[in-house]
Amino acid sequence: MDRLVCHCMVVGEREVLAAIRSGAGTVDEVGERCEAGTGCGSCRGGIEVMLREESARQKRGHAPEALLRQLGLFGDE
């Protein structure tokens, strides 16, 4: 099951990653593409981590999910 990243706007991890992979390079750009991070803002830090990790993954081939689990930002639902 897709983990919920933004509870306010009900946006899952897959949708955020799709926004990032389609060119969103900042939290605001992710919000423009899928509305994640445009509500209360509590998920913006997690989106920032996803942005950094996706950039690193593209360079070295690792998935962002592992880092998010290590940080305890998102648990399995």
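**Close-up views of a predicted model**

**Figure 1. Gly-46 lies in helix H3.** The coordinates shown here and in the following views belong to a predicted model. Gly-46 has a relative accessible area of 5% and is therefore buried, the cut-off for burial being under 20%.

**Figure 2. Helices H2 and H3 pack at an angle of about 100°.** Helix H2 comprises residues 27-34 and helix H3 residues 44-60, and their axes are 9 Å apart. Angles of 65 to 115 degrees count as roughly perpendicular, so this description applies to H2 and H3. On the H2 side, the contact is made by Val-27, Asp-28 and Val-30; on the H3 side, Arg-44, Ile-47, Glu-48 and Leu-51 take part. Sorted by class, the contact of H2 with H3 contains four nonpolar and three charged residues, and no polar ones.

**Figure 3. Helix H1 (residues 13-21) and the glycine just after it.** The buried residues of H1 are Glu-13, Val-16, Leu-17, Ala-19 and Ile-20. Because these residues cover an arc of only 155° around the axis, they are on the same side of H1. Just after H1, Gly-23 adopts a positive phi of about 125°.

**Figure 4. Val-10 in the loop between strands S1 and S2.** Val-10 is not a glycine, yet its phi is positive, at about 55°. With 59% relative accessibility, Val-10 counts as exposed, since that class begins over 50%.

**Figure 5. Glu-35 in the loop between H2 and H3.** Glu-35 likewise has a positive phi, of about 75°, without being a glycine. Its relative accessibility is 45%, and Glu-35 therefore counts as partly exposed.

**Figure 6. The protein chain as a setting for the close-up views.** Four helices and two strands are present in the protein chain, and from the N terminus on the elements follow the order β-β-α-α-α-α. Of the 77 residues, 39% are buried. Among contacts with a separation of 6 or more, 46% involve residues 24 or more positions apart. The protein chain exposes about 4500 Å², of which carbon and sulfur atoms supply 47%.

Terms used. Residues are numbered from 1 along each chain as its sequence is written. This is a predicted model: local features need pLDDT of at least 70, side-chain atom pairs count only at pLDDT 80 or more; totals for chains, interfaces and linings use all residues. Side-chain values use heavy atoms; hydrogens and water are left out. Axes are lines fitted to C-alpha atoms, for helices over the stretch in contact, and angles run from 0 to 180 degrees between N-to-C directions. Angles under 35 degrees count as roughly parallel, over 145 as roughly antiparallel, 65 to 115 as roughly perpendicular and the rest as oblique. Contact means heavy atoms within 4.5 Å. Ala, Val, Leu, Ile, Met, Phe, Trp, Tyr, Cys and Pro count as nonpolar, Asp, Glu, Lys and Arg as charged, and the others, Gly among them, as polar. Buried means under 20% relative accessible area, exposed over 50%, partly exposed in between (1.4 Å probe, protein chains only). The arc is that of the directions from the helix axis to the C-beta atoms. Accessible areas come from the Shrake-Rupley method with a 1.4 Å probe; for residues, only the protein chains shown count as cover.
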